[in-house]
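Subject: Structure handover

Hello,

Here is the structure you are taking over. Please open it beside this email and follow along as you read.

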Amino acid sequence: MKEGYYSSGKFARMAGVTVRTIRFYDSQNILKPSMVSESGARYYTDADFARLQQILLLKHLGFSLEEIREITIKDTDVEFLLNALRIQEKLVRDRIEQLELVSSAISETASAIGGEGQIDWSRMLDLIHLTEMENSLSGQYRNAANLSARISLHSRFSTNPEGWFPWLFAQCPPRPGQQILELGCGDGSLWTACTGSVPEDCRILLSDISEGMVREARRALPAGDPRFSFRVIDAQEIPLDEDSCDIVIANHVLFYCEDIPKVCRQVRRVLRPGGIFACSTYGAAHMQEITRLVQEFDPRIVLSAEKLQNRFGLENGAAILQEEFEDVELRRYADSLMVDAPQPLIEYVLSCHGNQSQYILDRYREFRELVEQKTAGGFKITKDAGLFLARKGE
């Protein structure tokens, strides 16, 4: 055996794992051997051993194989690792909260059974639902991580110094005493960027169809601030009274809704006469350079299952809104991105709602090299975004 190289068996024994585990990581492109002999025997080095220790640690922390593959591709991917660790930290906190709820529910259910001598099946069903919450937490925080990656790219590399959220806030600033509803609040970034400009007697309901996102928004804003409340809401079924809101905000949300006309009808119903529906979206040219980049790498990649701006975009949004609102105005946001670092762009691509992971993760090194080349001298990306202000008649 060549000096400095270990057979699969010895390498596995050194790490305290089975040869089958080593072969599995090889087959998943997570840890490839440093050398393969003509006979097919695989050999590993001390550097591979360090990489294996990293893999085992990440696995213990609860990372998925896909996440481990991304993190261990290159030791300098510090930003990805830090972001992933923050997500894991939030997930652990939620697990603690969830386990405390389960513990309390078990104690109450046991006491009720012992005292009443019979089983309350409704209470038992609630207990089952609580224990099943665990299954949804990882998915919720993967959604939060994807949103964070997309916001980060824009906040770090936008050429417009004002920034999207301050600009959006300035187009329809809250006035004293107003009632405001945000649909699809995400992690609350609109309000964390502008909290100091919100009048003390405003009441703002942050809502999202994702419970995980609502939780993120609640954590991002000052605890106990009476201006903000939080609720899980489907934009197609808004559970508020008629004429109860002065402003409804939907920031890059409508094109995700299954029935956009129904959402518009619901918004009109809850708006007071003269109230404003502020809804932002993209145009056809938005981020087109990223699409060209990934398709240069592999023409099969589609970053979204459909072109979202075709459902509700800058080109057709006014016509959709005019079915329900009397006065519709479009305001465009002048901006572009100049990206000079590869990792944030890679994270953005992987966060998209398409099939990119299927074609990128197995060839991650090649994709990273391509992105490094593109960003070496600054990679300019077109931004084509804007805001519709639709007013309900008096």
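The notes below go through what was found, one region at a time.

This is a predicted model, in which local features need pLDDT of at least 70, side-chain atom pairs count only at pLDDT 80 or more, and totals for chains, interfaces and linings use all residues. Residues are numbered from 1 along each chain as its sequence is written, and side-chain values use heavy atoms, with hydrogens and water left out.

Strands near the start of the numbering

Helices (H or I, at least four residues) and strands (E, at least two) are DSSP runs, numbered from the N terminus. Two strands count as paired if DSSP finds at least two bridges between them. An open sheet of three strands has the order 1-3-2, and its pairing is antiparallel. Strand 1 (6-7) and strand 2 (35-36) are the edge strands, each pairing on one side only. Strand 1 is joined to strand 3 (residues 42-44) by two bridges, and these strands run antiparallel. Y6 has Y44 in strand 3 as its bridge partner.

Strand 7 and I249

Which strand holds I249? I249 lies in strand 7, which covers residues 245-251. Buried means under 20% relative accessible area, exposed means over 50%, and partly exposed is in between (1.4 Å probe, protein chains only). I249 counts as buried because its relative accessibility is 9%. Contact means heavy atoms within 4.5 Å. Leaving aside neighbours within four places in sequence, I249 is in contact with I180, L181, E182, L183, L190, W191 and A278. I249 and E182 are 67 residues apart along the chain, yet their C-alpha atoms are separated by 4.6 Å.

Salt bridges

A salt bridge here is a side-chain nitrogen of Lys or Arg within 4 Å of a carboxyl oxygen of Asp or Glu. By this rule there are 18 salt bridges. Three of them are described here.

One joins the side chains of R272 and D246 (2.8 Å, N to O). This pair links distant parts of the chain, with R272 in strand 8 (residues 271-282) and D246 in strand 7, 26 residues apart. R272 is partly exposed at 29% relative accessible area, whereas D246 is buried at 19%.

Another joins E211 and R215 (3.4 Å, N to O). Why are E211 and R215 separated by about one helical turn? They are four residues apart in helix 9 (residues 211-220), so about one helical turn separates them. E211 is partly exposed, at 42% relative accessible area, and R215 is buried, at 11%.

A further salt bridge joins E366 and R363 (3.1 Å, N to O). E366 is partly exposed at 42% relative accessible area, and R363 is partly exposed at 29%. D298, R300, R363 and E366 are linked in a network of salt bridges.

Helix 11

Which residues are buried in helix 11 (residues 288-297)? They include E289, I290, L293, V294 and F297. These residues cover an arc of only 130 degrees around the axis, so they are on the same side of helix 11. The arc is that of the directions from the helix axis to the C-beta atoms.

Strand 12

Strand 12 (residues 385-391) is mostly covered, with six of its seven residues buried. Strand 12 pairs with strand 8 in the antiparallel sense over seven bridges, and T281 stands opposite G386 in strand 12. Seven bridges also join strand 12 to strand 9 (residues 327-333), and these strands run antiparallel. Here V328 stands opposite A390.

Regards
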